Amino acid sequence: MIPLAWYLIFSAALFCIGLFGALARKNAVAILMGVELMLNAVNVNLIAFWHYYAQMRSTPYVHGLAFTTMVFVVAAAEVAVGLALVISAYRRRQTPVVDELTLLKG
Amino acid sequence: MSSAFTPEMWRSIFPEIGLLILAIVLLVFDLIWLKQPQMRARWLGWMTSIGIVLIMGISAGISMPQGQGSVEWGGMLRFDAAGFVFRMIFMSAAALTALFASQFEALKKRGEFYALLLISTLGMNLMASAADLILLFLAIETTSLPLYVMAGFLTRDDRSVEAGIKYFLFGAITSAVMLYGFSLIYGLTGTTQIYELRSAFQAGNLPVGLAELVIVLVLVGFGFKISAAPFHFWAPDVYSGAPTPVAGFLSTASKAAGFAVLLRVLQIAFAGQGSLWTVLIAVLATASMLIGNYLALAQRSIKRLLAYSSIAHAGYILIGVAADSELGTLSVIYYLIAYLVTNLAAFGIVNLIESRVGSDEISALAGLNRRSAGLGLAMLAALLSLGGIPPFAGFFAKLLVFAAAVERGLIWLVLVGVFNAVVGLYYYLNVLKVIYLHPPVEEKEVFPPTPAWRIALWVCLAGILLIGFWFAPWYSLAQAATSAIWIY
């Protein structure tokens with residue numbers, strides 16, 4: 001039986017790696033991958049907490065599971081929209097690198 | 001919590017059902033008129049707008065919440081006056097935006113644009129009445145995803161594409177951070193219901209620092225939606241790159257939705273941590289006002305200027321949130337109503353000028369009063385209202401916000417606010433100087449404004465004047481919403 005804290009440390013580490021990736025990378029696709037890592041950290045958190053509460057309480061609560069499912073669905077939708085935007089930027093500018101999108105500044 | 005469906009449940013989401021049906025109807029008509037772009041250009045905007053007004057009217061008739069309100073859909077949705085008032089705010093913004101969009105060449109023929117606008121409004125409606133973190137998260141994403149697409153809608157325009165991708169990347173990162181906060185909230189309390197969180201957090205059995213961490217994480221996501229500093233970096237780029245009607249919608253409805261969530265979550269779930277988050281909000285307010293106003297001084301593009309001004313306005317509104325009192329909440333809602341009509345009018349005029357002169361520089365407005373006296377006057381009203389000059393709407397809004405802060409003894413915050421209002425007035429007057437004193441610029445081609453655009457501008461101007469002169473109805477609306485939030 002793995003204690004709850006280990007899952008939380010794992011998810012915090014995953015979240016930090018994802019956040020670092022999202023902030024440090026220049027390629028829009030790599031940033032998206034960082035965001036996906038962050039969302040996965042959220043899911044690990046939710047499932048770990050759900051399991052913890054399910055053991056603690058006799059009645060089964062499904063909040064955690066429902067939340068995780070929603071996160072999955074939204075993450076998929078977000079990637080679909082995000083990649084479409086990346087592709088439309090790539091068609092115009094031939095680059096997925098965010099640093100080279102410098103038309104708007106000031 | 002019974003599992004049977006009650007009429008109350010359907011009444012509580014009537015506006016959302018209406019918006020969804022309207023979006024489908026628009027897509028069908030988009031198909032029917034596939035070969036007749038003129039029909040689409042002429043009618044789609046009107047259909048959207050009239051449809052929304054009908055939905056607003058019917059929901060005011062049949063789905064007005066009674067008394068204290070209730071919790072519907074198994075604890076997902078709070079059906080109360082606050083949700084109702086905010087829904088009306090979002091739907092009026094959407095109706096006006098649809099009319100303004102019919103002046104925009106690249107948007108007016110596109111049925112899917114109007115459908116996206118409606119879906120995003122649907123998401124905002126749910127944001128304002130969500131009583132559960134799961135629905136809240138889903139609603140925030142339902143709002144944001146169509147907005148990302150709308151910002152990058154002009155796929156043949158480099159600037160719009162860039163705006164879309166920047167908005168999306170900022171939104172995705174901040175919403176992931178916020179979601180991590182939500183997952184910790186669930187972990188700390190074992191519930192996702194906002195109204196149950198209050199007692200869970202007040203019980204005082206949480207380890208020190210965790211509640212604080214959670215509040216900071218959640219504020220990242222909300223700060224992005226209301227474009228408060230330091231989460232404002234996207235705003236200037238997105239406002240100047242996105243199609244102008246979309247920028248207007250982002251700066252009014254999307255911001256109002258962010259504040260609706262902010263009020264409910266902070267004042268209900270985190271009521272016990274008031275001493276902490278009021279300080280955080282006051283800091284955000286100060287940063288937003290300073291950054292917004294000072295960077296606006298240096299802008300040459302009117303859309304970027306309005307973007308920085310919208311950051312500054314987020315700061316003023318946050319003063320009302322920082323007050324953490326009934327008057328504070330009331331002032332926030334009043335400010336949002338006043339800001340809605342004012343900023344939509346400003347963006348509407350910029351939309352027209354942009355299509356005529358082909359530039360969004362402030363110099364494109366030069367001599368506007370000689371090119372069209374009416375437009376000059378309309379811009380005068382909008383800018384003075386933004387600057388907070390009586391008798392326009394913005395004056396009372398600022399007055400209420402500052403009064404709320406004084407009531408709670410936040411004198412330093414009011415001083416910062418007043419000082420910033422003066423700086424703000426400087427750059428608004430600077431634009432007016434260009435409009436009234438500079439020699440007129442050549443207009444490339446003069447599109448006559450469409451009737452839809454005219455009506456939308458008239459409604460906005462009437463709003464600016466009415467909210468300024470005729471205080472009572474708006475005040476009582478804001479009061480109804482406030483008491484629904486402060487009942488707990």
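This is a predicted model: local features need pLDDT of at least 70, side-chain atom pairs count only at pLDDT 80 or more; totals for chains, interfaces and linings use all residues.
1. Make-up of the chain A side. The residues of chain A that touch chain B divide into 30 nonpolar, eight polar and five charged.

2. Salt bridges. Two salt bridges are found across the interface of chain A and chain B. One of them involves A:Arg92 and B:Asp158. The closest N and O atoms of A:Arg92 and B:Asp158 are 2.6 Å apart, and a salt bridge is counted within 4 Å, so this pair qualifies.

3. Extent of the interface. Chain A puts 43 residues into the contact, and chain B puts in 44 residues. About 3,800 Å² is buried between chain A and chain B. Carbon and sulfur atoms give 74% of that area.

4. Annotated spans. The unreviewed UniProt entry carries the annotation "transmembrane region" for residues 6-24, 31-53 and 65-87 of chain A. In the model, residues 6-24 of chain A are 100% helix and 0% strand, with the end C-alpha atoms 27 Å apart. Residues 65-87 of chain A are likewise 100% helix and 0% strand. The end C-alpha atoms of residues 65-87 lie 33 Å apart.

Key:
Residues are numbered from 1 along each chain as its sequence is written. Chains are lettered from A and ligands numbered from 1 in the order in which they are written. Side-chain values use heavy atoms; hydrogens and water are left out. UniProt positions are given in the numbering used here, feature names are shortened, and annotations may be inferred rather than shown by experiment. Helices (H or I, at least four residues) and strands (E, at least two) are DSSP runs, numbered from the N terminus. Contact means heavy atoms within 4.5 Å. Buried area is the accessible area (1.4 Å probe) that two parts lose on being put together, summed over both. A salt bridge is a side-chain nitrogen of Lys or Arg within 4 Å of a carboxyl oxygen of Asp or Glu. Ala, Val, Leu, Ile, Met, Phe, Trp, Tyr, Cys and Pro count as nonpolar, Asp, Glu, Lys and Arg as charged, and the others, Gly among them, as polar.
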